Amino acid sequence: MFVGDVAEAIARAVDGNARAGTTYELGGPEVRTFKQLMEYVLATVERKRMLVPLPFALAKFQAMFLQYLPKPPLTPDQVELLKVDNVVSEAASRDRRTLKGLGIDATAMETVVPTYLWRFRKTGQFKVRGIA
């Protein structure tokens, strides 16, 4: 979900284009799994890493200790959030309580994410595509 789309939805709601007292569900144009997101990030930053599935019980055990680090990479609350899909419901789509219902075309991940991630490539911004 692109933050610019969220900001536009908020602006339209403030301008009176949303139904009062109604919860809108905002989501990007595609549904992706967490694994697909990680694969996309790795491809974008041109890195190869092995993605190993981790059972929730083991993740929660690790998170119990990791949460006490100054910048915890994982917390028990994050593990709980990962157990639930974050997608726009069929009911919201049917009732037009979505970006589309507000007249906004969701921005594709491929349009924005590379502009944030280029600096994490081994060569940063200096590599020109097609030239090694």
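Contact here means heavy atoms within 4.5 Å. The structure is a predicted model, in which local features need pLDDT of at least 70, side-chain atom pairs count only at pLDDT 80 or more, and totals for chains, interfaces and linings use all residues. Residues are numbered from 1 along each chain as its sequence is written, and side-chain values use heavy atoms, with hydrogens and water left out.

Phe56 belongs to helix 3, residues 56-66. Helices are DSSP runs (H or I, at least four residues), numbered from the N terminus. Leaving aside neighbours within four places in sequence, Phe56 is in contact with Val79, Leu82 and Lys83. Its relative accessible area is 39%. Phe56 is therefore partly exposed, a class between buried (under 20%) and exposed (over 50%), for a 1.4 Å probe and protein chains only. Ala11 lies 45 residues from Phe56 in sequence and 38 Å from it in space, C-alpha to C-alpha.

Thr75 sits in the loop between helix 3 and helix 4 (76-82). With a relative accessible area of 18%, Thr75 is buried. Thr75 touches Ala63 and Gln67, residues up to four places away in sequence not being counted.

Helix 2 spans residues 34-44, and its buried residues are Tyr40, Leu42 and Thr44. These buried residues pack against helix 6 (109-117).

Helix 2 contributes Leu37, Tyr40, Val41 and Thr44 to the contact, and helix 6 contributes Met109, Glu110, Val113, Pro114 and Leu117. The residues of this contact divide into 7 nonpolar, 1 polar and 1 charged. After helix 2 comes Glu46, with a positive phi near 55°.

The largest nonpolar core has 5 residues: Ala9, Tyr24, Leu99, Leu102 and Ile104. Such a core is a set of buried Ala, Val, Leu, Ile, Met, Phe, Trp, Tyr and Cys residues joined through side-chain atoms within 4.5 Å. Beyond four places in sequence, Tyr24 touches Ala18, Arg19, Arg96, Arg97, Thr98 and Leu102.

Notes. Helix = DSSP H or I, 4+ residues; strand = E, 2+ residues; numbered from the N terminus. Nonpolar A, V, L, I, M, F, W, Y, C, P; charged D, E, K, R; others polar.
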